Amino acid sequence: MAKTLMPTDGVSLAAEANRTWNTVEVDPITLRVIGGALNSMAKEIAQVLYRMTYSSLIRESEDLGAGIFDVNGRELCESDSTPMHCGSIPAYIRGVNRKLAGTYKPGDVILHNHPYHGAAHSPDYGVIIPIFWEGEHIGFAGCTGHVSDIGGNFPGLCMDVVDVWAEGKLMDSMKIYDGGVRNDMLIQHILDNVRTPEQNRGDLEALIACSRIGEKRFVELLEKYGLDVVMSAADRWMDYSEEMLRSRIRAIPNGSYEAPIGYLDDDGKNRGVPLKVAVRVQVEDEDVLIDLTGSNDQVPTAFNVPFEGSVLPSR
């Protein structure tokens, strides 16, 4: 089964409040078939990015994530590409929802890369497409990939910058397609403000194609089994994932486990001044606490990472 994001209690309550389907019993065979279909579509849509993108960062380093999500951003499936993107896209969706919830239309395509509102970091373009079924918004297809340049203070990845705006152009929940109508002027403005417009254009079209294939494949699954069956099966797979993970945690003896102290070279500005990384893992029954107390303080450069888009999914 493709990876799922275990919801916190808050996400679970939100999911119940916004649920658009009825929970039904799903027989084991259908459950497995739907699980396999979700797993396959996650792999397929990632292959679209691998094969279409211009940037070697996405094409060769597999610096991408792609998946299908419900209306609350819960992850139904995601590609097994770089671990840094596993579980990051739900934060993109929450960042987009804060501005656009209630305004989605069939044919919308949203571009987002704001690291204070869910993006892993600003060079990671996220493309989100709302999925509709029988006129109702029921989920999202989304993907993200690291593009070559976003027009910052320096070419490529900027570190020694004064703030997030100096890193490059920020797209905060921008509809590059609005109800199926392409905003060519906005896209041209974005490409006019980067050093690699041809690469970025190819990457952007690949990200759009990836999410569109995800939307198409998920709708095909709904056409075959219906919304109630598919979403009930997805919920069961998420429960199963949590059960399996917690059982593996219970197999670890309770206690505190500390990793050897590690260091990053520097913060990109103060050369030769290492940054300390201290990690302690506290295991108690079926719960795990990861404690970074003792690590280096925040630094004044772009070496810091967002909590939701990077730190939280990587726990």
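Which residue in strand 5 is the bridge partner of Ile68? In strand 5, that partner is Ala141. Good morning, colleagues; I shall begin with the basis of the model and then turn to its strands and helices.

The model is predicted, so local features need pLDDT of at least 70 and side-chain atom pairs count only at pLDDT 80 or more, while totals for chains, interfaces and linings use all residues. Residues are numbered from 1 along each chain as its sequence is written, and side-chain values use heavy atoms, with hydrogens and water left out.

Helices (H or I, at least four residues) and strands (E, at least two) are DSSP runs, numbered from the N terminus. Two strands pair if DSSP finds at least two bridges between them.

Let us return to strand 5, residues 136-146. Strand 1, residues 64-70, pairs with strand 5 in the antiparallel sense over seven bridges. Strand 4, residues 124-133, also pairs with strand 5 in the antiparallel sense, over 10 bridges. In that strand 5, Phe140 is the bridge partner of Pro130. Strands 4 and 5 form a hairpin with two residues between them, and Glu134 in the turn has a positive phi of about 55°.

Helix 4, residues 89-100, has 12 residues and reaches 16 Å from its first C-alpha to its last, close to the 16 Å expected at 1.5 Å a residue; the expected span is 1.5 Å times one less than the number of residues. Nine of the 12 residues are buried, so helix 4 is largely enclosed by the rest of the structure. Among the buried residues are Ile89, Tyr92, Val96 and Leu100. Just after helix 4, Gly102 takes a positive phi of about 90°.

I close with a helix pair. The axes of helix 2 (residues 28-52) and helix 8 (residues 227-250) come within 9 Å and cross at roughly 85°. Axes here are lines fitted to C-alpha atoms, for helices over the stretch in contact, and angles run from 0 to 180 degrees between N-to-C directions. Helix 2 and helix 8 are therefore roughly perpendicular to each other (65 to 115 degrees). Their contact (heavy atoms within 4.5 Å) includes Leu31 and Ile34 of helix 2, and Ala233 and Trp237 of helix 8.

Conventions
Buried < 20%, exposed > 50% of the residue type's maximum accessible area, 1.4 Å probe, protein only. Parallel < 35°, antiparallel > 145°, perpendicular 65-115°, else oblique.
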